[in-house]
Amino acid sequence: MDILLQVIVTGIATGGVYGLIALGYVLIYKATSILNLATGSFMTLGAFVCLTILVGSGAPFWAAFVGTLAFAFVLGIAIERMVLRQLIGEPIISVIMVTIGLAFVVQGLTHLIWSPDYRSFPEIFPPEPLNLNFAVVPSGLLWGFIFAVVGTLIFILIFKFTRTGVAMRATANDQQAALSMGISVRWIFALSWSFGAIAAVIGGIVIGNISGISIYMGDIGLKVLAVIILGGLDSIGGAILGGLIIGILENLTGIYIDPLVGGGAKAVAPFFILVIILMIRPYGLFGKEIIERV
Amino acid sequence: MRCGDFKETYIKDEEIFQSLFVKLWMCLFLLFLAAFPFLANPYLLYVANMIGFAVIAAVGLNLLTGFTGQISLGHAAFAGVGGYTSAILITRLGFSFWIALPCAGMMAAIAGLIIGIPSLRVKGLYLCIATLAAQFIFDFFFIHWEGLTHGIRGINVPPPSLGSFLINTEKRFYFLTLIMVVLAVGYARNLVRSRVGRAFVAIRDRDLAAEIIGINLFRYKLIAFAISSFYAGIAGALWVGFIRIVTPEHFPFYLSIQYLAMVIVGGLGSVLGSIFGAVFMTLVPELLNVLSGILKDIFTGTTQLFIPLKEVVFGSLIVLFLIFEPRGLAEIWRRIKAFFLLWPFSY
């Protein structure tokens, strides 16, 4: 029983981080209908940038964090303007492939600038784990979860209450109508990309704190696809809930199924879940039901 | 000097080689390909073989993605199924390579059918994610189904043989590859001008309209998946026969992307294009390899830069082609031909 509770608590903490990375996908998909498969490499890049500011200039963590967010903002706008805008109206395969191409470029550049060595963040958060009576949460996961929750809340508040947020929701709803109300859809597209990049970068920093930084950490980005499919591609709440569910299921698989098949099941579990969801309910828990049955 | 194409029947219009001139050049080109191993060194022959496997897989993927419009991010998994099937049949059951090869194709086709079934329900983005998941699930089985695949240690495979004649050098294998490539390309080129090929294109252009004019969507999508993964399986089995070992590392997600990149860089919906794409995307990393070998003597420490540089070039090629030449190398080739068709009086 203790193990089960512990696994669930760990799963929830991991799931929060998944939810944050999933936000990186959802924010972009909502406004532009593009699935950004480069999210994983954005994460890696963000983690490296943050680490470089932190170690290189000796700045405090919050300064490095804000610096990284500013970097992600510029990165998002630059990529939208230079690459994705050229492809508006192109078939879906082109758009998906271009994000995959971007993923390789970003990952290759990260590899070129920083060597492939494994690194770890200096200690930023207090290392004591949180001891709930029935389970223990490691410090990295705890702080990651807090970051994820706060980040998500901020995004939700932006969407609900600011002018920009309302404009973004309007664009997601109906581009023509948004245009005719005087919303600059181009600017909203660019902004969505930078919001997506920011969410991915925060995810990267958090993961970097938990398990160290390497150029391969972006692989988590593909696992998170299961989260957004489960939650619904265009639902922020779905991303968070999906993250938690996938996090728990993944950790349960790790404990209970891994010994049966000789390891490795934990890593592939999200993809099995992904296929099952696609078969049963392709639009996810909260996604818009726009799938045609063909 | 030709000044235009005039055809009086549809049959003439559908011909693959439309003039004597083209037939002549095709014969010369095939002669050159047949004579190539006697002129080249083993390294070039190795590259030529790799290009051959890539051509087979890329042509197959183009039938699915370029002609039928169904995206597959899991084609390396199908190649892997083919590779493993042939390796297991040869080493465990003592099949000869010549029987194992079509079996590998069939097995991959079955895998493709299974992955293709969701295409009934989902399409576009969702199908793309489903095939991506399939890639990782197959990867998992390759690594963890120890009893069948020997896990990460892989399976050693004996070279194929004809009687007592072992096909164990690059040069000997080259002829096998060449024959398979010619068969594969010839079949694909004929398929796309048949009833099935026209159904594929109709599905790609507008699936609902295709269904209304009487095309059974599910059936033709599954046919496309099956044929396409059959090609991938053959490519995988040939590759395994060539390098004589199969491990999970030979069929990573990266290979799936590479196949898709070949199709896109070459030109979606063009058999000739996928040949161009496969040649181009195989040669570029090899050229980089050679280049980094030369640069190594001038700048020290550039060898570590090779892998990331390859990634950057690979990614940039995909992005640049999609932005500036979405119809790929086939379109560039068509423009060059059109330029010389009326040259020097192009007005």
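A: In chain B, residues 24 or more positions apart account for 76% of the contacts with a separation of 6 or more. The model is a predicted one, and the description below should be read accordingly.

The overall build of chain B may be taken next. Its secondary structure consists of 15 helices and 4 strands. Along the principal axes, the C-alpha atoms of chain B occupy a box of roughly 65 × 55 × 45 Å.

In soluble globular proteins, nonpolar side chains tend to be buried together. Around B:Ala57, the contacts beyond four places in sequence are with B:His75, B:Ala79, B:Tyr231, B:Ala232, B:Ala235 and B:Tyr259.

B:His150 has a phi near 60°, a positive value in a residue other than glycine. This histidine, B:His150, lies in the loop that runs between helix H7 (146–149) and strand E1 (155–156) of chain B. B:His150 counts as partly exposed because it has 19 C-beta neighbours inside 10 Å, whereas a buried residue requires 20 or more.

A:Ser33 is placed in the loop between helix H1 (2–32) and helix H2 (39–57) of chain A. With 14 C-beta neighbours inside 10 Å, A:Ser33 is partly exposed.

The contact between the two chains comes next. Here 38 residues of chain A are in contact with 37 residues of chain B. On the chain A side, helix H4 (92–113), helix H9 (220–231) and helix H12 (265–280) each supply at least two residues. H4(A) provides the largest share of that side, 17 residues. By class, the side of chain A that touches chain B divides into 28 nonpolar, 8 polar and 2 charged residues.

Beyond H4, in the loop between H4 and strand E1 (130–132) of chain A, is A:Asp117. A:Asp117 is exposed, because 8 other C-beta atoms lie within 10 Å. From A:Asp117 to A:Ser139 there are 22 residues in sequence and 24 Å in space, C-alpha to C-alpha.

H2(A) and helix H8 of chain A, residues 185–211, pack at an angle of about 60°, their axes being 7 Å apart. The crossing of H2(A) and H8(A) is right-handed. Among the residues of H2(A) that take part are A:Phe42, A:Gly46, A:Ala47 and A:Leu51, and those of H8(A) include A:Ala197, A:Val201, A:Gly204 and A:Gly208. The contact of H2(A) with H8(A) has 10 nonpolar, 6 polar and no charged residues.

Technical notes: Residues are numbered from 1 along each chain as its sequence is written. Chains are lettered from A and ligands numbered from 1 in the order in which they are written. This is a predicted model: local features need pLDDT of at least 70, side-chain atom pairs count only at pLDDT 80 or more; totals for chains, interfaces and linings use all residues. A residue is buried if 20 or more other C-beta atoms lie within 10 Å of its own, exposed if 12 or fewer, and partly exposed in between; C-beta atoms are placed from the backbone. Two residues are in contact if their C-beta atoms, placed from the backbone, lie within 7 Å. Axes are lines fitted to C-alpha atoms, for helices over the stretch in contact, and angles run from 0 to 180 degrees between N-to-C directions. A crossing is left-handed if the near helix is turned anticlockwise from the far one by less than a right angle, and right-handed if clockwise. Ala, Val, Leu, Ile, Met, Phe, Trp, Tyr, Cys and Pro count as nonpolar, Asp, Glu, Lys and Arg as charged, and the others, Gly among them, as polar.
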